[in-house]
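This report examines a protein structure at the level of a helix and a cavity. Please keep the sequence and the model in view while reading.

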Amino acid sequence: MRVTGAAYPPRLSQRCTADIDISGEQIELYCDNELVSQTSFEQLTLSDSVGNLPVRVSFPDGWVFVPEQNKDIDCLLQKKGRKSLRIRKIESNLWLILVSIIFCVAMLFAGYRYGIPWFSHYAARMLPERVPAFVGEKILEQLDEQFETSHIPAKQQQAIRARVDLLQQQLPPMPFPVKIEFRDSEIANAFALPGGTIVLLDPLVELAESDQQLDGVILHEMGHVYHRHMMTRLVESSLTAVVVASLTGDTSGVVHQMIGAGVFVMNTGLSRDMERQADQFAKQAMLKIYHTSEPMAAMFELLRQQRHIQHMPDWLSSHPNFSERIESMRQP
Ligand SMILES: [Zn+2]
């Protein structure tokens, strides 16, 4: 392969049209088609290619060759262990680097913010029904280590369950049959597990001043069941754990993280959007069944007055703040 350019003889400033043959073992320099110097590749010295400045190829006897275009001797540069010009150019292009970084960060963020939730939304709906039911059972088993047996009288429990059955008949079909479980704990809270189980904690049941107020809470949890929020959130956090682990190369904790994800979600709560969606579901249901959503607003007020909260349960967590939720309940 021949590369054209110019050559400068040793210690002379005159210049000649030249080309080098770089295809063989020996690199041959021709000045006006006449062989003037040759050497092995190892003996050749190449100057650094800075920006668009031409690269100088120096022969041991003093001849210097300058190619017309640096890219023609790219293969020589690479053989000398230098980065190819194309790579150098990209590297030196600060804007390109910046844009690439921003693009990568944006893609990661978009994937995290929208991609994973989007995928989880559909994945949660594609799971066979026994998966959420099984996961829900396992989470409750783990949570039962901190809960105690409910002290709500059996008769009252029965009445609540019967009312929930009636509520269900007046609502759009649920993906899972809703089942109410009672447990005792220090916190006034309620939550929906994957698979349709809704757990009511004694202080919450006792806090409600009327059936309608308690139904407001139950309907909110039914909203989570209806939209399969728990399973979606579980798929999301498991996926995030897997993605983070594969990015950091630490895959040892993935299985462990997936097992713990259920309890983690119970503690960190659902997303703001999910809470709003459940509130809306409950509000519509309250309006349809009781023609008012005021009991829900009143229940929010009661919960807000609870000062002794150590944990931030579902109802009280960062999610749309209380005033906002009360306001939205009272909006016509
Ligand atoms: Zn909720």
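## Basis of the report

The structure is a predicted model, in which local features need pLDDT of at least 70, side-chain atom pairs count only at pLDDT 80 or more, and totals for chains, interfaces and linings use all residues. Residues are numbered from 1 along each chain as its sequence is written, and side-chain values use heavy atoms, with hydrogens and water left out.

## Helix 5

Helix 5 covers residues 154-169. Helices here are DSSP runs of H or I with at least four residues, and strands are runs of E with at least two, numbered from the N terminus.

Which residues of helix 5 are buried? They are Q157, I160, R163, V164 and L167, where buried means under 20% relative accessible area and exposed over 50%, with a 1.4 Å probe and protein chains only. These buried residues fall within an arc of 125° seen down the axis, so they line one face of helix 5 (the arc is that of the directions from the helix axis to the C-beta atoms). The face turned away carries the exposed residues A154, K155, Q158 and Q169.

## The second largest cavity

The second largest cavity is lined by residues including F176, H224 and M231. Helix 8 gives the most to this lining, with three residues. A cavity is a set of points on a 1 Å grid over the protein atoms alone where a 1.4 Å probe fits but cannot get out, and lining residues have an atom within 4 Å of a point.

Methods. On a 1 Å grid over the protein atoms alone, a cavity is a set of points where a 1.4 Å probe fits but cannot get out, and a pocket is an open set with protein on both sides within 12 Å along at least five of seven lines; lining residues have an atom within 4 Å of a point. The expected span of a helix is 1.5 Å times one less than its number of residues.
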